[in-house]
Amino acid sequence: MHSQRFGAGANLQVWGSGSSSVVGGDWRMAGLLVLCVFAVVFKDIFASTEVCTNALLPGAKGDQGETGEEGDQGKVGKNGPPGLPGVSGEMGLKGDVGHPGKMGPIGDKGNKGDTGLEGPSGLKGKPVLLGLKETEECYYLLVKEPKKFREALINCKLRGGTLAMPKTSNTNRLMADYVSQAGLTRVYVGLQAQIKDTVGTSDYVYADSSPLQGFAAWSQEEELNSRVSPNTNSSCVELLGTGTWSHVECEATLYFICEFPKSRRRGGAGGGGN
């Protein structure tokens, strides 16, 4: 046997002789080298692909972890849109009566109602009213409403009497005391002068049209000047708290005394009973 040699020459000798043997050996060596290179390249490619594949594709789902601790309360969020109206609830119990409200405006005047039933008659009153003065014949009422002489005449007539007539000294004194006790100084009485001619001659007539005769209570000054001038209106008479009479203009406004005869009241009562 030939001894083996290392190297190119040895290879050529081992695998054959001639040019065909050398060429065949080179091709095999080249094929092995190419295979080695491809093996290394594919190994790197497969290794790189495996790394990339592990990085991009999710792995298998792991086991559920333990529940963590409760976190801090978050900030209050914005108010959301209002929800739809709910269903009406049941009616509640009636509440207590509230405080009275303010008075409202006055309403329009209503229609007049029907006339009610007539009530029973009241008890008969006393014949003498508080504040009246009286004699055996008459009652006297001091009216504290200032009127002119003619208005005073009408007022007493509407009350059912006449303007008071001091025909006697007793009546005159009672009426004068009535005036002074009321804190007054003078009042109208039912006496007036009626002028008869242009020179001032006059007659005095009471409210019941009876003439002045017998008693008179003129003051001394009025006694001297008893005639009334036709150019003046001082034909009316006033009673002073002193009990004397004086002339006064009929347009003056004074308090006055009304007179109510008792006989007329008794007659009226008797007439009502018949």
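**Figure 1. Overview of the chain in the predicted model.** The secondary structure comprises six helices and eight strands, where helices (H or I, at least four residues) and strands (E, at least two) are DSSP runs numbered from the N terminus. The model is predicted, and local features need pLDDT of at least 70, side-chain atom pairs count only at pLDDT 80 or more, and totals for chains, interfaces and linings use all residues. Residues are numbered from 1 along each chain as its sequence is written, and side-chain values use heavy atoms, with hydrogens and water left out. Along the sequence the elements follow the pattern α-α-β-β-α-β-α-β-β-α-β-β-β-α. Of the 274 residues, 22% count as buried, a term that means under 20% relative accessible area, with exposed meaning over 50% and partly exposed in between (1.4 Å probe, protein chains only). Among contacts (heavy atoms within 4.5 Å) between residues at least 6 apart in sequence, 67% join residues at least 24 apart. The chain exposes about 22300 Å², of which carbon and sulfur atoms supply 55%; accessible areas come from the Shrake-Rupley method with a 1.4 Å probe, and for residues only the protein chains shown count as cover.

**Figure 2. The disulfide of cysteine 156 and cysteine 258.** A search of the whole structure finds two disulfides, each defined as a pair of cysteine sulfur atoms within 2.5 Å. In the one shown here, the sulfur atoms of cysteine 156 and cysteine 258 are 2.0 Å apart, and the link is left-handed, with -85° about the S-S bond. Cysteine 156 lies in helix H3 (residues 149–158) and cysteine 258 in strand E8 (residues 254–261), so this pair ties together parts that are 102 residues apart in sequence. Both cysteine 156 and cysteine 258 are buried.

**Figure 3. The disulfide of cysteine 236 and cysteine 250.** The sulfur atoms of cysteine 236 and cysteine 250 are 1.8 Å from each other. Cysteine 236 belongs to strand E6 (residues 236–240), whereas cysteine 250 is in the loop between strand E7 (245–248) and E8, so the pair ties together parts that are 14 residues apart in sequence. The torsion about the S-S bond of cysteine 236 and cysteine 250 is about 105°, and the disulfide is therefore right-handed. Cysteine 236 and cysteine 250 are both buried. With bonded cysteines counted along the chain, the disulfides follow the pattern 1-4, 2-3.

Figure 4. Leaving aside residues up to four places away in sequence, lysine 262 touches Glu134, Thr135, Glu136, Glu137, Cys138 and Tyr139. Of these, cysteine 138 has 9% relative accessibility and therefore counts as buried.

Figure 5. Residues up to four places away in sequence not being counted, asparagine 172 touches Pro166, Phe215, Ala217, Leu239, Gly243 and Trp245.
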